[in-house]
Amino acid sequence: MLERHYLIMADLFYIENGLLYYIENTRARKLRRIKAIRPRLCLPRTHQSYCLDHIHNCLNHASVEKVYKSASETMYFHKLYEACHSLVETCTTCILGRAKHNILNPLNQFEIQTEFGRSWHVDFLSLNRVT
């Protein structure tokens, strides 16, 4: 016997030309009027990472929200947002390209010179805000 959860969701899926599609059930009445109902292709597990990686690369290593928005318009699978989040967090190009915050440049102490003007010391700081 099928579980109740699957029986409730059964009307949201259909098969066309051997492909499984998902139709999103919008609960808000206003969204039903505004948003057109588009079927989304259900991806098997073997193709999920490949398709998300392709979208992420085509969007020039975009953020989690942009990858999710782009992917959710055309495809569907369980835990799509979590897959997008893990892809962006583990992308080596994104990790290397992130801004490094909270890194403080050390201020080194130097010897006190006995003669005036013998040496000059300058500390270069990266300022957090525009001055």
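**Exercise 1. Decide whether His-56, at 0% relative accessibility, is buried or exposed.**

Step 1. Take the cut-offs: buried means under 20% relative accessible area, exposed over 50%, partly exposed in between (1.4 Å probe, protein chains only).
Step 2. His-56 has 0% relative accessibility, so His-56 is buried.

The model is predicted: local features need pLDDT of at least 70, side-chain atom pairs count only at pLDDT 80 or more, and totals for chains, interfaces and linings use all residues. Residues are numbered from 1 along each chain as its sequence is written, and side-chain values use heavy atoms, without hydrogens and water.

**Exercise 2. Count the aromatic pairs and classify Phe-13 with Tyr-76.**

Step 1. There are 5 aromatic pairs. Rings of Phe, Tyr and Trp (its six-membered ring) pair if their centres lie within 6.5 Å; planes under 30 degrees apart are stacked, over 60 edge-to-face, the rest tilted.
Step 2. Phe-13 and Tyr-76 stand 6.1 Å centre to centre, with 55 degrees between the planes: tilted.
Step 3. Phe-13 belongs to strand β1 (residues 13-16) and Tyr-76 to strand β4 (residues 75-76), so this pair ties together parts 63 residues apart in sequence.
Step 4. Ring pairs join Phe-13, Tyr-22 and Tyr-76 in a cluster.

How values were computed. Helices (H or I, at least four residues) and strands (E, at least two) are DSSP runs, numbered from the N terminus.
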